[in-house]
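Take a look at the chain below.

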Amino acid sequence: MVDRTFFVYLVSSTALAFSFPLLSPVAKARDTLATNQQGHPQTTAVHRKVQPQQAQTPRLHPINKAQTIAQAEDVNVQGRRQANWVVTPVTAATIANYVPGTNALKALTTLPGVMYNSGDPQGLNLWGQSFLMHGFDQSQIGMTLDGMPLGDQQWSNSNGLSPSAAISSENITRMDVSASAGSEGAASISNLGGTVQFVSRDPSHKTGATVNQTFGSNAMFHTFVRADSGDLNKQGTRFWVSYMRNDTDKWRGGQNQFMQQVNAKLLHPIGQKSRLTAFFNYADEQMQNYQDYNMDMFRHGGYHIDNLLGTPNGYETAYRLALAQNGRPGGAVPAAYQKLQSPYTASFYDGAGSQRQYFGGVSADLALTDRLRWNSTFYGHRSWEVGTVTSPLIQSTNGAPFVEQATIPTTRRFGLTSSLTYTIARNEINGGVWYENTHFNADKRAYDEPLLEDVLSGAARPVDGLHLNSNYRREYEQVFNTNTFVAYLQDTYRPIDSVALHFGFRSVLNTTRVGQLANWEPYTRTTAIAGGAGLTTSKPFLPHISGQWSFLPGHQLYFDIANNVKVLPVSGYNSGASPFATTQAAFDASRNSITSETDWNYALGYRYHSRILDGNVYAYHTDFSNRLQKISSGSPNNPYTVISNVGSVAMNGVDAGVVLRPLKGLQIGSSISYNHATYSDNVTQTTTGGVVTYGIKGKQVVAYPRFMYKGQISYRWHNAEAHADTQFIGQRNLSYTGDEKVPSYWLTNAGVRYDLTSLIGHTSGTSAFKRVSLDFNVYNITNQHYISTMGQNGFPMAGDYQSVVLGAPRQYFGSIQVDF
């Protein structure tokens, strides 16, 4: 049943936002936009200008279509001061070089030290995606949208949602990326390894519309439509509404992946320096997941093993494979699987994921005086998710050799952020608070699958993992209630024009209580799972110090030092690296000793900018303490999972990049990254065979390579543009001991774009369109076979494990976009 309280909040908050044009007799605000020669938007006096010292990490600056998009961009600071010199803005221009609808995180792979992985070309399937930056994974990086927290980015997110589920990529105007400490004011309790802050597009002053239609490999069909109201009154009140639909077949196996999304944003200016905004998002995903691989399958099973739903005789094949696993008559193993070490889990009948997300908020950015600004945001989020797999580990009550297992997490959260910024003399002082309450329910169920003879005769149908409507038994259920409070204070001081110094700190208090509502011992293998208690993370003083010095034309030095914490994460039983995801006995044993992950980040950088050359060198060191890891063994359907403190991690790294513009219209970029991140301690575990010590000391951390190389090139000639990018991802550890590794790979993409506007106008003598363009993109040109995402089921201490995802082969996409 839909939670009515959330809709009451949305209706009331939207009504409040719409009422201000009637209540506020103020002059109309015009936010004119200037774009510099690199295509980076700058604000007028309406918003604080981006300081010239905040130079960017060198990268290609896309042109043509990108310039048109940049004209609609607005750098909206909204009172959240980002006094962090390692921040890199990545604009809509960069996102536009990817296939429409692609997860915006993929555009960040142009930055050194950043790695995005996915099992599908667009990165919309959330189970098969991962994002890593300087050795930290997506659950250790803070993410926000217009200041609203997106939460811990692990799958089955207990306190947020994925960026792709929060906003359509076509509506993002900018992503502010910090690969170091992040901002004190970022609403995140997981920003150990930096922040990614998404900024949504502002409505246009002029009435207009954008329509994009994309076609591609595997019957991919992507539609995006956005309408701008233009100014509705003298104050300049305006809004936009968009709809996105993405439908594609899987590139291997059967069935398809579907997503639709609605976004809306309202903006009401107040005078010349203040504004109110409201944002709303609805997302609906229904996707059949790709089967997880292990390295044995990758080496000996070929590149096209997948779940069996949608394939000829798929249910019968899965049924007989489950019979064989359980040693029952009628079992059979497909010939292609007989060389595998674990053929029974190579394919299941299905593995699906679906979600519905409602997310939005209302913000006020008010200039109280010429020196004092007040910014506040109230937001809410309601989430329903389902993840299913046909598991042969448990038999149905009717005798079928498997069941449909469904993980059904739901989230309801509300929160408020509020900050004041005061400018005096050469100081900019900013302080604020953030409060959030989260209610999270982790529910796992088992649905009986029908007997094979009933399916073959047409008397019954297999369980539909995307539309569960039959009887079930509950395997476990836990309920969590979390309260988070964060306060911060920071000051940026400029003793002279060429020097800026920053000092700030944040205080974090987070408390979670867990209750056990159901526990079915045949599945959990224990008499009780975690419940009836709580844990608290308290860090009253987390300092952040940084500074920059601009010397000589185009030269800049900067440093950054910060102490950060990730609060103890929340996950249901066996589903994440959380102290709550264990048995009651293990939870009780660890309650007094479990410690939140913390780190100290140190960074030093140098930048150079000129008309034809951008250069950057960035060196960093991180001391990471109490790293909590999900260590798994057994079947990925129901693994034996241990949440272990693998001790400290010492990390040293360097990024270096350069962008050349030797000719008009030509840009060439290149970057390298080196990361030496190793465990400082061995891990000892008690097993059924006794105490085992694993020698992980000195081993590179799992999932992140030591070396990466990236290159980009683009050339524009009149109305045509071509661009290409390539990246080399080095070898990665699958196991903690490093005895099982994922091989390195090259991945190359290319695209061309042509602006038809002048041609249409010349041919017809007039044009009803502001702009018409054609795009063609090729993904994975060399048809590389490679491992993409790692660790979605956890990592083994040693050896192989079924916890990696294949990357998509060569794909083709074409699109046409019309702006009215």
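The sections below go from the whole chain to single residues.

## Model and confidence

This is a predicted model. The mean pLDDT of the protein chain is 87, and 87% of its residues reach 70 or more. Residues 1-80 are another matter: pLDDT stays under 50 there. The model still has 207 contacts beyond four places in sequence for residues 1-80. Where pLDDT is low, the predicted coordinates should not be read in detail.

## Overall build

The protein chain has 820 residues, and 62% of them count as buried. It holds 10 helices and 40 strands. Among contacts with a separation of 6 or more, 70% are between residues 24 or more positions apart.

## Nonpolar cores

The largest nonpolar core has 111 residues. Leu 108, Phe 131, Met 175, Val 196 and Phe 198 have the most contacts inside it. Helix H6, residues 314-325, gives the most to this core, with six residues. A second, separate core has 19 residues, including Phe 440, Ala 442, Tyr 476 and Ala 533.

Phe 131 shows what one of these positions looks like. Beyond four places in sequence, Phe 131 is in contact with residues including Leu 105, Leu 108, Val 114, Met 115, Tyr 116, Phe 136 and Val 196. Asp 137 and Gln 138 are also among its contacts.

## Salt bridges

The count comes to 22 salt bridges. In one of them, Lys 566 meets Asp 152 at 3.6 Å, N to O. The pair links distant parts of the chain, 414 residues apart. Lys 566 lies in strand E23, and Asp 152 lies in the loop between strand E8 and helix H4. Lys 566 is buried because its relative accessible area is 7%, under the 20% limit. Asp 152 is buried too, with a relative accessible area of 7%.

Arg 201 and Asp 228 form another salt bridge, with the closest N and O atoms 2.8 Å apart. Arg 201 sits in the loop between strands E10 and E11, and Asp 228 in strand E12, 27 residues apart. Both Arg 201 and Asp 228 are buried.

Glu 477 pairs with Arg 474, the closest N and O atoms being 3.0 Å apart. Glu 477 counts as buried at 12% relative accessibility, whereas Arg 474 is partly exposed at 28%. Shared partners join Asp 443, Arg 445, Arg 474 and Glu 477 into one network of salt bridges.

Glu 385 is found in strand E17, residues 372-391. Glu 385 is buried yet has no salt bridge. Its nearest side chain of opposite charge, Arg 413, is 9.5 Å away. A polar contact of 3.4 Å does join the side chains of Glu 385 and Ser 383. Beyond four places in sequence, Glu 385 touches residues including Ser 156, Asn 157, Gln 355, Gln 357 and Thr 407.

Thr 684 lies in strand E30, residues 683-687. Thr 684 is exposed because its relative accessible area is 51%, over the 50% limit. Its side chain makes a polar contact of 3.2 Å with the side chain of Thr 693. Beyond four places in sequence, Thr 684 touches Val 691, Val 692 and Thr 693.

Ala 722 is in strand E33, residues 720-729. Ala 722 is partly exposed, with a relative accessible area of 36%. The C-alpha atoms of Ala 722 and Ala 750 are separated by 7.7 Å, though the two are 28 residues apart along the chain. Among the residues Ala 722 touches beyond four places in sequence are Ile 713, Tyr 715 and Val 752.

Note on methods: Residues are numbered from 1 along each chain as its sequence is written. This is a predicted model: local features need pLDDT of at least 70, side-chain atom pairs count only at pLDDT 80 or more; totals for chains, interfaces and linings use all residues. Side-chain values use heavy atoms; hydrogens and water are left out. Helices (H or I, at least four residues) and strands (E, at least two) are DSSP runs, numbered from the N terminus. Buried means under 20% relative accessible area, exposed over 50%, partly exposed in between (1.4 Å probe, protein chains only). Lys and Arg count as positive and Asp and Glu as negative; His and the chain ends are not counted. A salt bridge is a side-chain nitrogen of Lys or Arg within 4 Å of a carboxyl oxygen of Asp or Glu. A polar contact is a pair of N or O atoms within 3.5 Å; within protein, one must be able to donate a hydrogen and the other to accept it, and residues adjacent in sequence count only if both atoms are side-chain atoms. Contact means heavy atoms within 4.5 Å. pLDDT is the predictor's confidence in each residue, from 0 to 100. A nonpolar core is a set of buried Ala, Val, Leu, Ile, Met, Phe, Trp, Tyr and Cys residues joined through side-chain atoms within 4.5 Å.
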